[in-house]
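Dear colleague,

I am handing over the structure below, and I would be grateful if you could look through it alongside the notes that follow.

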Amino acid sequence: FPILFNYSFLFLINNINLNKNKKKLKFNIFYSKSIFKNLIFFKNIGIIRNFIILKKKKKNYKIHIHLFLFKNFFFLFFIKNFVKLSKKYYISLNALKLLNYKLFNSILIISNTKFIIDQKKSIYFNHGGEILGILSL
């Protein structure tokens with residue numbers, strides 16, 4: 001269940017930023033599997049509030065996305081860097097606990113057999129996994 005950080009990840013970040021600039025808290029995008037996987041991740045780390053998959057016609061699915069309302073704080077404006085690792089690195093739970101104290105303004109994106117989450121939720125669920133990328137805030 002790998003998350004895709006190329007087109008769909010950047011597409012979602014751009015759409016969220018664009019709609020927050022327009023002060024729209026609800027918008028629609030077309031459905032794809034990679035966008036759906038990224039939406040689940042965005043919901044888990046708290047970037048979006050909710051999303052609903054709508055069926056318009058025979059095979060055209062749309063996703064209706066609801067954003068959080070923050071008065072002056074938009075989470076995605078503060079993302080300075082996103083690093084996708086070129087090799088696969090696996091991290092154990094003990095190493096993750098030690099590394100969690102060293103990551104001040106960064107979020108590790110970790111994938112395991114069950115879900116894709118950040119490092120804090122991975123420690124909460126007692127799971128290590130594959131490091132997919134690092135978000136620097």
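A residue counts as buried here when its relative accessible area is under 20%. By that criterion, 39% of the 137 residues of the chain are buried; please keep in mind that this is a predicted model. The accessible surface of the chain amounts to about 8,900 Å², and carbon and sulfur atoms account for 57% of that area.

As to the fold, the chain contains four helices and seven strands, which follow one another along the sequence in the pattern α-β-α-β-β-β-α-β-β-α-β. Among the contacts between residues at least 6 apart in sequence, 61% join residues that are at least 24 apart.

I then turned to one pair of helices. Helix α1, which covers residues 7-21, packs with helix α2, residues 33-45, at an angle of about 60°, and their axes lie 9 Å apart. Because angles of 65 to 115 degrees count as roughly perpendicular and those under 35 as roughly parallel, α1 is therefore classed as oblique to α2. The crossing in which α1 passes α2 is right-handed.

On the α1 side, the contact is made by Ser8, Phe9, Phe11, Leu12, Ile13 and Ile16, while α2 contributes Ser34, Ile35, Asn38, Leu39 and Phe42. Sorted by class, the residues in this contact of α1 with α2 comprise eight nonpolar and three polar ones, with no charged residues.

Notes. Residues numbered from 1 in each chain as written. Predicted model: local features only at pLDDT ≥ 70, side-chain atom pairs only at ≥ 80, totals over all residues. Heavy atoms only, no water. Helix = DSSP H or I, 4+ residues; strand = E, 2+ residues; numbered from the N terminus. Buried < 20%, exposed > 50% of the residue type's maximum accessible area, 1.4 Å probe, protein only. Contact = heavy atoms within 4.5 Å. Areas by Shrake-Rupley, 256 points an atom, 1.4 Å probe, with all protein chains shown as cover. Axes fitted to C-alpha atoms, helices over the stretch in contact; angles between N-to-C directions. Parallel < 35°, antiparallel > 145°, perpendicular 65-115°, else oblique. Left-handed = near helix turned anticlockwise from the far one by under 90°. Nonpolar A, V, L, I, M, F, W, Y, C, P; charged D, E, K, R; others polar.
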